[in-house]
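This report describes a protein model from its overall architecture down to individual residues. Please view the sequence and the structure alongside the text.

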Amino acid sequence: MRRLSSTAALVALLVLAAPGAGARVPMTMAINRPETAGGHYRLFLTSPAIRQGGVIPPKYADVSPPLAWTPVPGAASYVVIVEDADAGDKKLGLPFVHWLAWNIPYNARALPEGVSTRAGTGIVEGRNHAGKIGYFGPHPPPGPPHHYHFQLFAISNVLKLPVGASRKQLFWAIKDQVVGKGELV
């Protein structure tokens, strides 16, 4: 039997683990992406309607839940990204996006229930993976529970992104701007 060199063994391992070779890539949540790196401040994100590790009430399948957080010095605005770690493109490691919202004012400490459907808030929203602009709540198929990550980022500017921007566009816009972050799962 012929032995592979360490380089050949590494190449073989990479090929076997490559997307498309049957391997599943771990989901990369927004909070763990390189574009959201930085931020020396930890945000404590909570909700009076959802406890950490708890179940999201059915009411929030169609209405964004209330959220609250601790303020972050140096924040010019806040960004909310809600993703499902158990759905999405498993081959590429892309979670299902339920909500993208940005330009939440720097002096805000909370978002009220249903803010996604309210006009005149100044908050700009992106396109979710259901193809709609705004909040798309949990609609998991039967089976094991899904984990919804409500992620909040304090950033050092106000974004100039149009309504309906994608997750990728939002990441590029906040790159090198994150001063704090936190999540509620």
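## An exposed residue with positive phi: D176

At a relative accessibility of 69%, D176 is classed as exposed, because that value is over the 50% cut-off. D176 sits in the loop that connects α2 (167-174) with β8 (178-184). Its phi angle is positive, at about 65 degrees, although D176 is not a glycine. The model examined here is a predicted one, and the values in this report are to be read accordingly.

## Overall architecture

The protein contains two helices and eight strands. Followed along the sequence, these elements occur in the order α-β-β-β-β-β-β-β-α-β.

Of the 185 residues in the protein, 41% are buried. Among contacts with a separation of 6 or more, 74% are between residues 24 or more positions apart. The accessible surface of the protein amounts to about 10,200 Å², and carbon and sulfur atoms contribute 61% of this surface.

N103 belongs to strand β4, which spans residues 94-105. Is this residue, N103, buried or exposed? N103 has a relative accessible area of 14% and is therefore buried, the limit being under 20%. N103 is not a glycine, yet its phi is positive, at about 60 degrees.

The side chain of N103 makes a polar contact with the backbone nitrogen of L159, at 2.8 Å. When residues up to four places away in sequence are not counted, N103 touches S77, Y78, G122, I123, V124, V158 and L159.

G114 is located in the loop between β5 (110-111) and β6 (124-125). Its relative accessible area is 7%, so G114 counts as buried. Which residues does G114 contact, leaving aside its neighbours within four places in sequence? The contacts of G114 are with V63 and S64. The C-alpha atom of G114 is 7.4 Å from that of P66, and G114 and P66 are 48 residues apart along the chain.

G54 lies in the loop between β1 (41-42) and β2 (67-68). With a relative accessibility of 23%, G54 is partly exposed, because this value falls between the 20% and 50% limits. G54 and L184 are 130 residues apart along the chain, and their C-alpha atoms are separated by 9.8 Å.

## The largest pocket

The largest pocket holds about 320 Å³ of space. Its lining consists of I50, G53, G54, V55, I56, P138, P140, P145, H146, H147, Y148 and V185.

How many residues of each class line the largest pocket? The lining comprises eight nonpolar and four polar residues, with no charged residues.

Terms used
Residues are numbered from 1 along each chain as its sequence is written. This is a predicted model: local features need pLDDT of at least 70, side-chain atom pairs count only at pLDDT 80 or more; totals for chains, interfaces and linings use all residues. Side-chain values use heavy atoms; hydrogens and water are left out. On a 1 Å grid over the protein atoms alone, a cavity is a set of points where a 1.4 Å probe fits but cannot get out, and a pocket is an open set with protein on both sides within 12 Å along at least five of seven lines; lining residues have an atom within 4 Å of a point. Grid points are joined across faces, edges and corners, and a volume is the space filled by probe spheres set on the points. Ala, Val, Leu, Ile, Met, Phe, Trp, Tyr, Cys and Pro count as nonpolar, Asp, Glu, Lys and Arg as charged, and the others, Gly among them, as polar. Helices (H or I, at least four residues) and strands (E, at least two) are DSSP runs, numbered from the N terminus. Buried means under 20% relative accessible area, exposed over 50%, partly exposed in between (1.4 Å probe, protein chains only). A polar contact is a pair of N or O atoms within 3.5 Å; within protein, one must be able to donate a hydrogen and the other to accept it, and residues adjacent in sequence count only if both atoms are side-chain atoms. Contact means heavy atoms within 4.5 Å. Accessible areas come from the Shrake-Rupley method with a 1.4 Å probe; for residues, only the protein chains shown count as cover.
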